[in-house]
Amino acid sequence: MKEKEMIFGIRAIIEAIEAGKEIDKVIVKRELQGDLSKELFALLKSRDIAVQRVPNERLDRFTRKNHQGVIAFLSAITYEHIEDIIPFLYEQGKDPFILVLDGITDVRNFGAIARTCEVAGVDAIVIPAKGSVTVNADAIKTSAGALLKIPVCKEQSLTNAIQFLKNSGIKVVAATERGADDYTAVDYSGPIAFVMGAEDTGVSNDNLRIADNLVKIPQFGTIGSLNVSVAAGVLIYEVIRQKGIK
């Protein structure tokens, strides 16, 4: 990662956040203490910025400069909020088409999913603020630049974001091997949001419980699941098929 994509030092990071810089995440030396660091942590918490405590050697790998035990990584994009996106789409006379990614951590899968979303006309991607991939240079490259074109919403609570979608008149469909319905058996003609989980853990139980439909994609081999980017493509293009978009 280029040093211009990072900010070093406690005071510099505090000033950057207060100036409105979009911070993706912050890594902090495990032993970091002091009044200024407490001020930084309080600010990070108030802005819902992810913090990761690491050994000092890991910080040294990123830069030889005096990082003071803290490095902030600048976001490659400005994240949106789903509460702003949905009313805007309705005002345009559109049926919102949203993809929610629950715990996806593989950057290449994220990039591939975003590329499919952009090509297929998905209106926005929603990710959680913690425990998820973020929009970095590798993700943008894998997406062929799609992540610079499609809105990405980073939400502190994915469950609350999904509930907001439901309250906004959007059908929420979660993809899971426990699904009762074949993915082609559900009506996707109106406002729709798909929830996709990581291949190893799937969609969280909390999010499965509030989904309107649980769907599965038929499997006939012996491998446990499809690649999540492939599964997302299958579901997204079923929406296009049903809507008859040309």
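Ala144 sits in the loop that links H6 to strand E7 (152–155). Helices (H or I, at least four residues) and strands (E, at least two) are DSSP runs here, numbered from the N terminus. This is a predicted model, so local features need pLDDT of at least 70 and side-chain atom pairs count only at pLDDT 80 or more, while totals for chains, interfaces and linings use all residues. Residues are numbered from 1 along each chain as its sequence is written, and side-chain values use heavy atoms, with hydrogens and water left out.

Back to Ala144: its phi is near 60°, a positive value in a residue other than glycine. Gln68 also has a positive phi, about 60°, and is not a glycine either. Gln68 belongs to the loop between helix H3 (56–62) and E4. Asn207, on the other hand, is found in helix H8 (residues 205–210).

| Residue | Relative accessible area | Class |
|---|---|---|
| Gln68 | 45% | partly exposed |
| Ala144 | 51% | exposed |
| Asn207 | 2% | buried |

What does Asn207 touch in there? With neighbours within four places in sequence set aside, Asn207 is in contact (heavy atoms within 4.5 Å) with Asp102, Leu158, Thr159 and Ile162.

Zooming out, the chain splits into domain 1 (4–72) and domain 2 (80–241), with bounds that come from an automatic or database domain assignment. The C-alpha centres of the two domains are 31 Å apart. UniProt, in an unreviewed entry, lists residues 6–80 as "domain: RNA 2-O ribose methyltransferase substrate binding"; its positions are given in the numbering used here, feature names are shortened, and annotations may be inferred rather than shown by experiment. That span is 37% helix and 27% strand, and its end C-alpha atoms lie 21 Å apart.

Now for a sheet. Four strands form an open one in the order E1-E4-E2-E3, with mixed pairing (two strands pair if DSSP finds at least two bridges between them). Strand E1 (6–8) and strand E3 (50–54) are the edges, each pairing on one side only. From one strand to the next, the twist averages 20°; axes are lines fitted to C-alpha atoms, for helices over the stretch in contact, and angles run from 0 to 180 degrees between N-to-C directions. Strand E2 (residues 23–29) runs antiparallel to strand E4 (residues 70–74), and five bridges join them. Ile27 has Ile71 in E4 as its bridge partner. Helix H1 (residues 10–18) packs on the sheet, touching E1, E2 and E4, with its direction at about 130° to that of E1. Helix H2 (residues 35–46) packs on the sheet too, touching E2, E3 and E4, at about 140° to the direction of E3.

Finally, the cores. A nonpolar core is a set of buried Ala, Val, Leu, Ile, Met, Phe, Trp, Tyr and Cys residues joined through side-chain atoms within 4.5 Å. The largest has 38 residues, of which Leu99, Leu101, Phe110 and Tyr188 touch the most other members. Elements that each supply at least two residues of this core include strand E5 (97–102), helix H5 (107–120) and helix H9 (228–243). H9 gives the largest share, seven residues. Phe110, leaving aside neighbours within four places in sequence, has contacts that include Leu101, Ile125, Val135 and Leu147. A second, separate core of 22 residues has Ile86, Leu89, Ile162 and Ile210 among its members.

Key:
Buried means under 20% relative accessible area, exposed over 50%, partly exposed in between (1.4 Å probe, protein chains only).
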